Amino acid sequence: MIAKRLRGATAIAGVGHAGFGFATGYSELEILVQASHRAVEDAGLTLQDIDGICTASVAATMWAMPVIEHLGIRPTFIDSTMLGGSSFVAHLMPAIQALESGQCNAVLVCYGSTQRTSSLSRAEVGRVRRWLDPQPYETPYNPLNPLSSYALAAARHMHQYGTKREHLAEVAVAARRWAQLNPEALMRDPLTIDEVLSARMVSDPLTIRDCCLVNDGAGAYVLVRADRARSLKQKPVYVLGNSTACWNRQISSMEDLTVTAAQQSGRIAFEMAGVKPSDIDVAELYDAFSINTILFLEDLGFCKKGEGGDFVSGGGIAPGGHLPVNTNGGGLSCLHPGMYGIFITIEAVRQLRGQCGDRQVPGAQLAVVNGNGGTLSSQSTAILGTEETL
């Protein structure tokens with residue numbers, strides 16, 4: 001496998017974020033630039049060192065151009081592949097290949113969104129998207145997407161495997177318990193199973209507490225070759241494996257509503273890294289909705305298909321459980337600015353550096369990150385590790 005030669009060849013050297021929650025008065029480009037400066041500074045570099053860039057946006061097809069202009073850089077490697085929320089995990093492999101080929105020396109991966117405070121309403125964006133991104137088997141029925149699609153997957157999982165609404169609620173409560181340990185998280189009030197179940201129903205079987213937040217936010221990370229990373233400011237976090245898979249655009253085109261392309265991306269990423277799910281210390285999974293976490297735990301091999309509900313029960317993925325999952329509070333309780341994949345990557349890096357304070361997983365050396373895009377469409381899995389895992 002050619003990709004195995006790239007195991008540990010590069011490392012994330014810097015991370016940063018900005019505009020958490022409500023970036024009132026700022027544009028998405030402005031908070032993206034702030035996050036980028038912080039990531040570059042965190043790595044001990046300057047923007048003049050950045051000669052590669054990966055970025056994507058829901059709103060603009062030529063997004064890399066204004067980003068480059070605002071950052072004032074002249075990169076020799078550019079990737080603006082847009083796969084939804086998984087994009088910033090999927091950007092890893094092209095960036096690794098560009099670094100290893102010598103095309104560039106330092107890649108900035110960055111994202112920004114002001115979907116909460118922007119004067120352009122999300123409803124208007126949705127109406128335009130029906131024309132720009134037609135989904136012929138779904139759009140005519142005017143579903144409440146993305147809610148309706150994820151609710152469909154949840155209902156099917158419940159029907160097929162006996163998963164209960166209480167299992168979905170376990171995911172939301174676990175995320176909140178992690179968020180209570182994270183001073184940066186936006187939702188830190190106590191949350192119980194009963195409160196999730198009795199919350200306002202938004203798309204059966206999902207209540208509002210089964211759904212991610214709607215926020216502003218920007219994130220960035222810097223990727224360099226491993227030898228250079230060892231001489232920089234921070235403890236390097238090595239990319240041991242990465243793979244991206246996409247089997248469908250519309251959820252109605254899924255062969256099985258309970259099986260995602262994370263089965264493929266996860267298998268290849270774990271093979272590249274040479275580790276197993278049982279080796280993982282911390283999992284950062286794109287939890288736009290509570291059903292996501294259950295599906296990805298199954299598809300990545302942490303438990304068998306249909307056993308995700310039991311896996312999360314009794315605080316299994318909460319602090320003190322058998323697998324720490326979404327340790328910053330996730331999209332359900334920390335933040336979710338439209339596309340969330342960059343933030344789970346940042347959290348995994350911070351965990352492996354040992355910089356997470358009260359929510360730190362003791363001795364964490366291996367992390368899995370799984371990004372999700374569209375409506376259970378694109379999936380990208382990354383295995384990250386410390387020096388000890390090389």
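Biologist: Leaving aside its neighbours within four places in sequence, which residues is Pro190 in contact with?
Modeller: Pro190 is in contact with Arg176, Gln180 and Glu195, where contact means heavy atoms within 4.5 Å. Before going on: this is a predicted model, in which local features need pLDDT of at least 70 and side-chain atom pairs count only at pLDDT 80 or more, while totals for chains, interfaces and linings use all residues. Residues are numbered from 1 along each chain as its sequence is written, and side-chain values use heavy atoms, with hydrogens and water left out.

Biologist: Where is Pro190, and is it buried or exposed?
Modeller: Pro190 sits in the loop between α7 (165-179) and α8 (193-198). Helices (H or I, at least four residues) and strands (E, at least two) are DSSP runs, numbered from the N terminus. Pro190 is exposed, at 63% relative accessible area. Buried means under 20%, exposed over 50%, and partly exposed in between, with a 1.4 Å probe and protein chains only.

Biologist: Now Ser377. Buried or exposed?
Modeller: Ser377 is buried, because its relative accessibility is 4%. Its place is the loop between β10 (366-373) and β11 (378-385).

Biologist: Which backbone atoms lie by its side chain?
Modeller: A polar atom of the Ser377 side chain is 2.8 Å from the backbone oxygen of Arg249. The backbone nitrogen of Thr375 is 3.2 Å from a polar atom of that side chain. Not counting residues up to four places away in sequence, Ser377 also touches residues including Trp247, Ala261 and Asn372.

Biologist: Change of topic. How many residues does α1 have, and what does it reach?
Modeller: Helix α1 (residues 28-42) has 15 residues and reaches 21 Å from first C-alpha to last, close to the 21 Å expected at 1.5 Å a residue. The expected span is 1.5 Å times one less than the number of residues.

Biologist: Which of its residues are buried, and what covers them?
Modeller: The buried residues of α1 include Leu29, Leu32, Ser36 and Val40. Among the elements covering the buried residues of α1 are β1 (10-21), β4 (106-113), β7 (216-225) and α14 (341-353).

Biologist: What follows that helix?
Modeller: Gly44 follows α1, with a positive phi near 80°.

Biologist: You listed β7. How many of its residues are buried?
Modeller: In β7, 9 of the 10 residues are buried, so the strand is largely enclosed by the rest of the structure.

Biologist: How does β7 pair with β1 and β4?
Modeller: β1 and β7 pair in the antiparallel sense over 9 bridges, and β4 runs antiparallel to β7, joined by 8 bridges. Two strands pair if DSSP finds at least two bridges between them. His17 has Gly219 of β7 as its bridge partner, and Ser113 stands opposite Gly217 in β7.

Biologist: Which residues are joined by a cis peptide bond?
Modeller: Asn145 and Pro146 are joined by one, with omega about 5°. Another joins Asp204 and Pro205, with omega about 15°. Most residues other than glycine have a negative phi, and most peptide bonds are trans.

Biologist: What is the phi of Asn142, and of Asn326?
Modeller: Asn142 has a positive phi near 50°, and Asn326 has a positive phi near 55°.

Biologist: Are those two buried or exposed?
Modeller: Asn142 counts as exposed, at 51% relative accessibility, whereas Asn326 is buried, with a relative accessible area of 3%. Asn142 lies in the loop between α5 and α6, and Asn326 in the loop between α12 (308-312) and α13 (330-333).

How values were computed. Polar contact = N/O pair within 3.5 Å; in protein donor to acceptor, adjacent residues only side chain to side chain.
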